[in-house]
Amino acid sequence: MYATNYHRASSLSEAEQMLAAAEEGKLLSGGQTLIPTMKQRLAAPTDVVDLRHVAELKGISVSGGVVKIGAGTTHAEVAGSADIQSACPALAGLASHIGDPHVRHMGTIGGSIANNDPAADYPSAMLALNATIHTNKREIAADDFFVGMFETALGDDEIVTAVSFEAPDSAAYQKFPNPASRYAMAGVFVAKKGGTVRVGVTGAGSDGVYRASDMEQALSGSFSPDALDGVSVDPGGMLSDIHGTAEYRAHLVKVMAKRAVAAA
Amino acid sequence: MASISMTVNGRTVSGEAEDRTLLVEFLRSNLALTGTHVGCDTSQCGACVVHVDGKAVKSCTMLAAQASGSSVTTIEGLANGDVLHPVQKAFHENHGLQCGFCTPGMIMAAVDMIERHGGDLDEATVRSELEGNICRCTGYHNIVKSILAAAAEIGGARQAAE
Ligand SMILES: Cc1cc2nc3c(=O)[nH]c(=O)nc-3n(C[C@H](O)[C@H](O)[C@H](O)COP(=O)(O)OP(=O)(O)OC[C@H]3O[C@@H](n4cnc5c(N)ncnc54)[C@H](O)[C@@H]3O)c2cc1C
Ligand code: FES
Ligand code: FES
């Protein structure tokens, strides 16, 4: 790891100031992506601003059917939250399968969506749940937030503060984990709210997380696994790497989508 | 340089270290607590697991400065003098280790796991909870056996105390 300067923010405004004062600063939340990346010298921020002690970023609330999760909420806290388990059990389940217990104790939802790893789990849920991403500057619809692989709509000085969404009528997430890393080789989050069905796909698309609009259409007509029989997934838009070919991933997406609908 | 102070195994410690110092380096180099191991460079193996404020974390994936002000427990803090912690004892009795390199992390992960699940642990849960701890030697069988034995003993002791 290259040398860096550590700063601990105790409030959101202090974090903004510390980031603004840094030459090439980076926010440090759970550190479960940033620190491994710094160790590999793939990132070399001059300064890191620790958000773990910022109270404004913590906590889960559910009121009037709207779920709000602070950016600094850990995967373990989402997985273990009785409120999330009753409002959106699929999201609690998703969080409980991220990485391993030690990673879940540190890693946060804000860090995960800001990073937008093409194989991360949360981004698919944010798209399917039609979530709003709250920052220190504005509110962004998930559809506009996830721009491409490791790319989001966030500005350099923008801090994710929370995510919110309306609890779905039913939802499910199915992930085919890479046997070694446990990141998704294909992960599909399906959410139904009234007559609208949204489908978020992670791990598979060559441009990162995406919404499967043809699946959404088919499922809005009939919310059953069979409704997806006639939908074909184009391998042209899929990732291809040592873990799996584009054709393999295209096949997985459909299988995971069917399983998710069956489980929802 | 960061001035770091924390409680480690019940003892208040402080020291100076570069801001980029990892918690595991601080424990091993500054405090000479070499029971916590480093087995990888990719945050995957779990040899470095310690408890920070009561939760199992990978000490290779946290800066020492992040842990400043916290309470840290390492493998050295488990035994009570010569009396092994029930999880240590279970690993000893069930042949839960061969070379022993992964063992400190395995035991710290196991203590955390048993604290969260109590006596309810079953084999499938133990195996999935060990996702972040890699062992090159044992094939995991006796590690799982050790953790189940310890969970039963700790669960039984808790019931007896109630
Ligand atoms: C062994 C291992 C296995 C893993 N397995 C999985 C898995 O199966 N699925 C999965 O989805 N993830 C997995 N992860 C990644 C994990 O979920 C991370 O916790 C997550 O990707 C990043 O969250 P963090 O809080 O740790 O962020 P950090 O590492 O602290 O930050 C990540 C990035 O986001 C930025 N950032 C952080 N917080 C904010 C904020 N509030 N506003 C704006 N930018 C911010 C940082 O500057 C940095 O660029 C794994 C990680 C490890 C080490
Ligand atoms: S040394 Fe920490 S996970 Fe391998
Ligand atoms: S006993 Fe050798 S690595 Fe686990």
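Modeller: Start with the polar contact: a pair of N or O atoms within 3.5 Å, where, within protein, one must be able to donate a hydrogen and the other to accept it, and residues adjacent in sequence count only if both atoms are side-chain atoms. Here a polar side-chain atom of B:Ser68 lies 3.2 Å from the backbone nitrogen of B:Ser5.

Biologist: What kind of model is this, and how are residues and chains labelled?

Modeller: This is a predicted model, in which local features need pLDDT of at least 70 and side-chain atom pairs count only at pLDDT 80 or more, while totals for chains, interfaces and linings use all residues. Residues are numbered from 1 along each chain as its sequence is written, chains are lettered from A and ligands numbered from 1 in the order in which they are written, and side-chain values use heavy atoms, with hydrogens and water left out.

Biologist: Is B:Ser68 buried or exposed, and which residues is B:Ser68 in contact with?

Modeller: Buried means under 20% relative accessible area, exposed over 50%, and partly exposed in between (1.4 Å probe, protein chains only). B:Ser68 counts as buried because its relative accessible area is 15%. Contact means heavy atoms within 4.5 Å. Leaving aside neighbours within four places in sequence, B:Ser68 is in contact with A:Arg8, B:Ser3, B:Ile4, B:Ser5 and B:Met6.

Biologist: Where is B:Val52 found, and why does B:Val52 count as buried?

Modeller: Helices (H or I, at least four residues) and strands (E, at least two) are DSSP runs, numbered from the N terminus. B:Val52 is in strand β3 (residues 49-52) of chain B. B:Val52 counts as buried because its relative accessibility is 5%. Not counting residues up to four places away in sequence, B:Val52 touches B:Leu23, B:Val57, B:Met62, B:Ser70, B:Ser71 and B:Val72.

Biologist: How many residues surround ligand 1, and where does ligand 1 lie?

Modeller: A residue is near a molecule if one of its heavy atoms lies within 4 Å of it. Ligand 1 lies between chains A and B, and 30 residues surround ligand 1, the closest being A:Leu27, A:Ser29, A:Gly31, A:Leu34 and A:Thr108. In chain A, β2 (25-28) and α7 (109-115) each supply at least two residues of this shell.
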